[in-house]
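Please examine the sequence and model below. The report after it covers the chains, their interface and a few local sites.

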Amino acid sequence: MRPTLTQLRSWDPDALAGAATQLSACNAAYADCVAAGDRRVAGTREHWTGVAADAAIARSARERAVAETAATAVSTVAAALRAGAAALGPARTLALGIAAAAAADHGLHVDADGRVRAPRVPPLGPFVAVALLQARLDELARVHDVRLQGALDVVSAADATTAVAVRRGWAALGGDVPGGGAKPSEPLPAPPVDGTPDANSRYWNQLSQDQRDAVLAGRPEWIGNLDGVPAHDRDRANRTVLAEQRGVLGGRIEELRVRLDNSGLGPMSPESSLVRKEIGAAAQRLAELDAVDRTVADPGRQLLVLRNAGDHLQAAVAVGDVDTADHVSVFAPGVNSNVGDGLAEFATAAGELKFETERQLHFVGRGNETVAAVAWLDYRAPQLDPSDPVGTVTDAIGDLGGGQAAEVGADRLASFYEGLGASRADDPHLTALGHSYGSTTTGLALQRGGTGVDDAVFFGSPGIGTDDVGDLGLGPGHVYVAEAHGDLVADLAAFGDDPNRMDGVVNLSTTAGTTPAIGGMPGEMRSGSEGHSQYLDDKTFSQYNIAAVVGGMPGQIVEGTDTGLADRVPGAPLRDLRERVFGDGSGLGGLFGLPGRIRLPMPTGLLRGPF
Amino acid sequence: MSEGMEVDVAALAALAGDLAAGAAAVGTLAPAESVTAALAALPGSDVAAALDGLSDGVAVAYRASVDGLGVMSRAAAIDAAAYAGTEHATATGFGVLEGGN
């Protein structure tokens, strides 16, 4: 339920956080009292034995188990409230700020329900001048209105997500949940195990609306990452899981800190070190979750994947509506990409790409077509950290040398592509975008077949896992390659031929220049891309070209190549060199005395672009 | 052959007191105040709707523990008194027999 501005002004998320803390403390005291009673009863063993003593101990254990169930439920509610306060605070502040800015802008009216209207310009001057001024005010009001509605949607979503989490906790108490509907009399049907996206889609479509609501409320972890389920439902499920996990981890960190403070343990004691280590691990995971939360806080974003992969988090975020967009792009980044450091940046790049694509569509007369851009980090890209040489070498040999991460990631990415099509009745125009090691993953995913991808762009690619474009299963002229000046990684050909030298690819220009005229509008000056990491930078020529592919506008593409050093080497010797370095290790590996079949890692310096 | 038993009556009586104190401690907790504060923080919200009635549910759960601890406390107190009474009666019985012919 979207709040009115009046309601929103009356909300106090800080007070909600305080109430959550108070409830946690009360609940902890409750659990401690019952646990202490049970320990006291168990302690009578040394001076009370017999049938009566056994009965007392059994009764006490039952009382403790019941109390622990209740305490866990209340703890879940407290965690939900804590997470809700953390989400609602910034969302409320943003919405009220937008409303205030609108009200201060040229006398715009902001209604209690959050709609922004332009005042009527009195007809006191020439008709044309009045009309122009009115049009200007109407446009200003429209822009503010869109922003405010989006911000209120974010508040509403955070409110709804928190309410769902509260109801889950309450349900564990065994009570009737207000507003949560009657409990289903039958167990909820679970999704198929290892189901294909089509099977998952059938599963979801066969559920009644009540059953879907029950799954979203009670088992969101079932469908948040399930390929074939619509993006809207995956987003709802993942936001619920995100809020719960943030609350649980926040509560856990508080409990551990209290335990550390009250334990009397010395700071150097083994027990103290263990607790600190657990706090550190929980804090690291919470930081990743916070990064996801900040990334999806912006209006118009969908959290399509939230996956606990052990020592790290994996996620995918869409900018735009994947369920309805005419054009959908999926971008897989490369080495050193991770949720904690990079998700927000990749989502921003996705948003800029979406905007550029829609801009071009508008000018070619297809402005009614919509775009959604996905930043996909649902695989463990190799993490090469120069400050951790052992880990770096291990990762490099295991991942880069063997391509293991790309192979594992490719399976998941192929399923994600397929799921986008399976979840919709129509067939969107789908473009796969892969950068660096992500391009290898993308190429391998396409080779799985049946993905539904229509176009693919590989940029900064060290190889796409094949030497034959035909293996990707795309039509002629639908495979594009971009290679920027000074991008040494793009010339490595570590995982197949250098893509810009492959037959059948279309090379996209990445150099500075003026874009073609479009829809009667003159072209624009765009900057060139240098090195390995500027392909999606805003207002570059490579971004322009990639957007033209994403929007299905091949006529707008500007072809071109930037010939690198390796491009000047005849193909056969280059292929031979690649085999000797990245093949069975018999070449340079043999020279260095390495055991056979150990491949050499990609030097990290090359990943940072030109020297 | 009967099962062995051993009881420290004083310790059992002390257990009864401790369990009663535990029940009293749980009885002083007021989770409803926190829920009420949360309700007041977001009037008219979905969260407030979800919290409606929760304080009663939590109070019922806490009350069940108060009752359980209370029952165990009373049982321990009664048992301690019963054991003491039986011990005294048995000792008295032996005293009568000794004093008899």
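## Basis of the model

This is a predicted model: local features need pLDDT of at least 70, side-chain atom pairs count only at pLDDT 80 or more, and totals for chains, interfaces and linings use all residues. Residues are numbered from 1 along each chain as its sequence is written, chains are lettered from A and ligands numbered from 1 in the order in which they are written, and side-chain values use heavy atoms, with hydrogens and water left out.

## Chain B

Chain B holds four helices and one strand. Helices (H or I, at least four residues) and strands (E, at least two) are DSSP runs, numbered from the N terminus. The order from the N terminus is β-α-α-α-α.

Chain B has 101 residues, and 34% of them count as buried. Buried means under 20% relative accessible area, exposed over 50%, and partly exposed in between (1.4 Å probe, protein chains only). The accessible surface of chain B is about 5,300 Å². Carbon and sulfur atoms hold 63% of that surface. Accessible areas come from the Shrake-Rupley method with a 1.4 Å probe; for residues, only the protein chains shown count as cover. Take the contacts in chain B between residues at least 6 apart in sequence: 76% join residues at least 24 apart. Contact means heavy atoms within 4.5 Å.

## Chain A

Chain A contains 16 helices and 13 strands. It has 611 residues, of which 51% are buried. Among contacts in chain A with a separation of 6 or more, 69% link residues 24 or more positions apart.

## The A–B interface

Chain A and chain B bury about 3,700 Å² between them. Of this area, 69% lies on carbon and sulfur atoms. Buried area is the accessible area (1.4 Å probe) that two parts lose on being put together, summed over both. The contact draws on 46 residues from chain A and 46 residues from chain B.

One salt bridge crosses the interface of chain A and chain B. A salt bridge is a side-chain nitrogen of Lys or Arg within 4 Å of a carboxyl oxygen of Asp or Glu. Here the partners are Asp18(B) and Arg40(A), at 2.5 Å, N to O. Five elements of chain A each supply at least two residues to the side that touches chain B: helix H1 (5-10), helix H2 (13-42), strand S1 (48-49), helix H3 (51-103) and helix H4 (127-172). H2(A) gives the largest share of that side, 14 residues.

## Cysteines

The count of disulfides over all chains is zero. Cys26(A) is in no disulfide; its nearest cysteine sulfur belongs to Cys33(A), 9.8 Å away. That is too far for a bond, since a disulfide is a pair of cysteine sulfur atoms within 2.5 Å. Cys26(A) is buried, with a relative accessible area of 11%.

## Ala350(A)

Ala350(A) sits in helix H10 (residues 339-363) of chain A. Its relative accessible area is 7%, so Ala350(A) is buried. Leaving aside neighbours within four places in sequence, Ala350(A) is in contact with Val319(A) and Ala373(A). Ala318(A) is 32 residues from Ala350(A) in sequence and 7.8 Å from it in space, C-alpha to C-alpha.

How much of helix H14 (residues 541-550) of chain A is buried? The helix is mostly covered: 10 of its 10 residues are buried. Among them are Phe541(A), Tyr544(A), Ile546(A) and Val550(A). Just after H14(A), Gly552(A) takes a positive phi of about 65°.

Thr540(A) lies in the loop between strand S13 (525-526) and H14 of chain A. Thr540(A) is buried, at 3% relative accessibility. A polar atom of the Thr540(A) side chain lies 2.7 Å from the backbone oxygen of Asp537(A). The side chains of Thr540(A) and Ser542(A) make a polar contact of 3.3 Å. A polar contact is a pair of N or O atoms within 3.5 Å; within protein, one must be able to donate a hydrogen and the other to accept it, and residues adjacent in sequence count only if both atoms are side-chain atoms. Leaving aside neighbours within four places in sequence, Thr540(A) is in contact with residues including Arg526(A), Ser529(A) and Tyr535(A).
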